[in-house]
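Here is a structure to explore by question and answer. Take a look at it before reading on.

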Amino acid sequence: MKIIDLTQTLSEKTPVAPVKTCFTRIVQARYEHMYRIDDINLCTGIGTHMDAPLHFDPNGCAIDEIPLEKCHGDACVLHLKDKVGDNIDYGVSAEDVLAFEKEHGKVPKGSHFLVHTGWDRFWDTDKFCPTNAEGGCNFPGILEDAAKLLFERGVTSVGIDSMGIDQGINPKFPAHVVFLKNNILLTENLANLEKVPPTGAKIWMFPLKIEGAPEAPIRAVAIL
């Protein structure tokens, strides 16, 4: 068995979307009484994290209400690093998903579909989520036609190694709406997807159990 860590490390350098709170830390005790204690401040949607349906649906389930059975299972990984390259505005299309299916078979119902854009190589750099003129930021993401196709396939979750599921911070968030309104979990800021094969891996991604939260950091791993 081989375990691959798909989680970015949280620190003061962790990039966040423009509207979110950065990670900060205060060391409250430095071994004066034989131990160290840290206080941290952060938003729920920081680093490698999961979006619950509540994030976009006021009637959707919160992060602490997600059944644990939905947090692990078979993974499909769409490898697009070479195709995406340095294109900060790349949109993952239904055509990309169909090309995956042509080579690896139909995306199985109940699977976890992960998109490897290679954008995690820019983690801790300004290119990971550069602010644009509108105050948002740009990064590769999933287009609405691909989101609708994955919904039709009946996936349990969709993940990506960029800042968000949608292509940049789209004011209408079409992919988020398609997925979360249909109870499909989302994971963002994944890492090391290049080490996971297109099929055959298992994924485990358990969120912090925060009462009533729309998002939460996760520890995500793939098992080969």
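**Salt bridges, pockets and a buried loop residue**

Reader: Is Lys20 buried, partly exposed or exposed, and what is the relative accessible area of Lys20?
Author: This is a predicted model, and the value is computed from it. Buried requires under 20%, and exposed requires over 50%. Lys20 has a relative accessible area of 22%, so Lys20 is partly exposed.

Reader: Which residue forms a salt bridge with Lys20?
Author: Side chains of opposite charge can pair when their charged atoms come close. Here the closest N and O atoms are 3.2 Å apart. The partner of Lys20 is Glu215.

Reader: How many residues apart are Glu215 and Lys20?
Author: Glu215 sits in strand 12. Lys20 is in the loop between strand 1 and strand 2 (24-30). The pair links distant parts of the chain, and the separation is 195 residues.

Reader: Is Glu215 buried or exposed?
Author: The cut-off for buried is under 20%. Glu215 has a relative accessible area of 5%, so Glu215 is buried.

Reader: Which residue forms a salt bridge with Asp5?
Author: The search of the whole structure finds ten salt bridges. In the one with Asp5, the closest N and O atoms are 2.9 Å apart. Asp5 is in strand 1 (residues 3-5), and the partner is in strand 12 (residues 215-223), 214 residues apart. That partner is Arg219.

Reader: Is Arg219 buried or exposed?
Author: Asp5 counts as partly exposed, at 28% relative accessibility. Arg219 has a relative accessible area of 55%. That is over 50%, so Arg219 is exposed.

Reader: What is the volume of the largest pocket?
Author: The lining has 27 residues, with Ala17, Lys20, Ile169, Phe173 and His176 nearest the centre of the pocket. By class, twelve are nonpolar, ten polar and five charged. The volume of the largest pocket is about 320 Å³.

Reader: Which element gives the largest share of the lining of the second largest pocket?
Author: The second largest pocket holds about 160 Å³ of space. Two elements give two or more residues to its lining: strand 5 (72-79) and helix 2 (94-104). The largest share is five residues, and they come from helix 2.

Reader: Is Ala99 buried, partly exposed or exposed?
Author: Ala99 is found in helix 2. Ala99 is one of the residues that line the second largest pocket. The relative accessible area of Ala99 is 45%, so Ala99 is partly exposed.

Reader: Where does Asn189 lie?
Author: Asn189 is buried, with a relative accessible area of 1%. Its contacts beyond four places in sequence include Trp123 and Phe128. Asn189 lies in the loop between strand 10 (185-188) and strand 11 (201-207).

Reader: What is the geometry of the aromatic pair Trp123 and Phe128?
Author: Trp123 is buried at 10%, and Phe128 is buried at 0%. A search of the whole structure finds five aromatic pairs. In this one the ring centres are 5.0 Å apart, and the planes are at 80°, so the pair is edge-to-face.

Note on methods: Residues numbered from 1 in each chain as written. Predicted model: local features only at pLDDT ≥ 70, side-chain atom pairs only at ≥ 80, totals over all residues. Heavy atoms only, no water. Helix = DSSP H or I, 4+ residues; strand = E, 2+ residues; numbered from the N terminus. Buried < 20%, exposed > 50% of the residue type's maximum accessible area, 1.4 Å probe, protein only. Contact = heavy atoms within 4.5 Å. 1 Å grid on protein atoms, 1.4 Å probe; cavity = no way out; pocket = protein on both sides within 12 Å on 5 of 7 lines; lining within 4 Å. Points joined across faces, edges and corners; volume = space filled by probe spheres on them. Nonpolar A, V, L, I, M, F, W, Y, C, P; charged D, E, K, R; others polar. Phe/Tyr/Trp six-rings, centres within 6.5 Å; stacked < 30°, edge-to-face > 60°. Salt bridge = Lys/Arg side-chain N within 4 Å of Asp/Glu carboxyl O.
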